[in-house]
Amino acid sequence: MGKIVVAEFVSLDGFIQDPLWTAPFWCDGIANYKSGELEAVDALLLGRTTYQMFAASWPDHPEEGAYKDKMNSMPKYVATDSLRDLEWNAQRIEGDLAAGIAKLRTEQNLLVFGSASLVTYLREHELVDEYRLVVYPVLLGSGLRLFEAVEPEATLALADSEVLDNGVVLTTYRVSANSVVRPSFG
């Protein structure tokens with residue numbers, strides 16, 4: 001069985017929208033983390049907006065090397081009702097979205113970049129196995145939050161973390177088998 005990994009750039013106050021604010025912090029540590037993420041999966045799972053942005057930029061992206069090659073060659077599955085003709089090794093998930101994604105998950109490891117609405121949908125349908133978060137020491141104050149309308153006191157299991165010299169924290173959290181672990185507060 002595969003798994004679904006959600007990978008996000010997150011501000012310290014929990015926002016994920018339009019991550020142009022991450023650029024000043026880019027370093028080898030983040031590049032290596034992101035490369036490892038991509039190498040560990042079989043396909044991308046994307047929402048419509050993220051798919052359209054990636055499909056418009058990655059085929060002609062100035063970056064050269066293994067990361068670009070994998071991004072362009074790997075299969076992509078897109079959660080969309082509006083797009084019919086997809087390019088860039090992509091196909092639409094047909095029929096019931098949750099069932100289609102669950103089936104893909106049994107067959108391969110999937111990585112979700114961005115795609116805030118899709119991430120919410122996946123979380124609500126208990127389809128996320130792992131969150132790989134790059135947390136930046138930036139307060140944005142507004143935008144789309146990664147975790148909106150979540151169940152109170154839900155916790156995740158920290159699987160790995162690393163603090164980089166620039167203050168960015170690389171984290172990996174796993175979702176428990178029963179989705180929500182309730183902490184005991186004595």
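The buried residues of helix H3 are covered by elements that include H1, strand S2 (43-47), helix H2 (48-57), strand S3 (76-79) and strand S5 (110-113), where contact denotes heavy atoms within 4.5 Å. Helix H3 itself spans residues 66-73, and its buried positions are Tyr67, Lys68, Lys70, Met71 and Asn72. Buried refers to a relative accessible area under 20%, exposed to one over 50%, and partly exposed to values in between (1.4 Å probe, protein chains only). Helices (H or I, at least four residues) and strands (E, at least two) are DSSP runs, numbered from the N terminus.

The model is predicted, with local features requiring pLDDT of at least 70 and side-chain atom pairs counted only at pLDDT 80 or more, whereas totals for chains, interfaces and linings use all residues. Residues are numbered from 1 along each chain as its sequence is written, and side-chain values use heavy atoms, with hydrogens and water left out.

Gln17 lies in the loop that separates strand S1 (4-11) from helix H1 (28-39) and is partly exposed, at a relative accessible area of 40%. Residues up to four places away in sequence aside, Gln17 touches Gly143 and Leu144. Its side chain reaches the backbone nitrogen of Leu144 at 2.9 Å. The C-alpha atoms of Gln17 and Ser115 are 9.5 Å apart in space, although 98 residues separate the two in sequence.

Strands S7 (residues 157-163) and S8 (residues 169-174) pair in the antiparallel sense over 6 bridges; pairing requires that DSSP find at least two bridges between two strands. Ser161 has Thr171 in S8 as its bridge partner. The two strands form a hairpin with 5 residues between them, and Gly167 in the turn has a positive phi of about 90°.

Terms used
A polar contact is a pair of N or O atoms within 3.5 Å; within protein, one must be able to donate a hydrogen and the other to accept it, and residues adjacent in sequence count only if both atoms are side-chain atoms.
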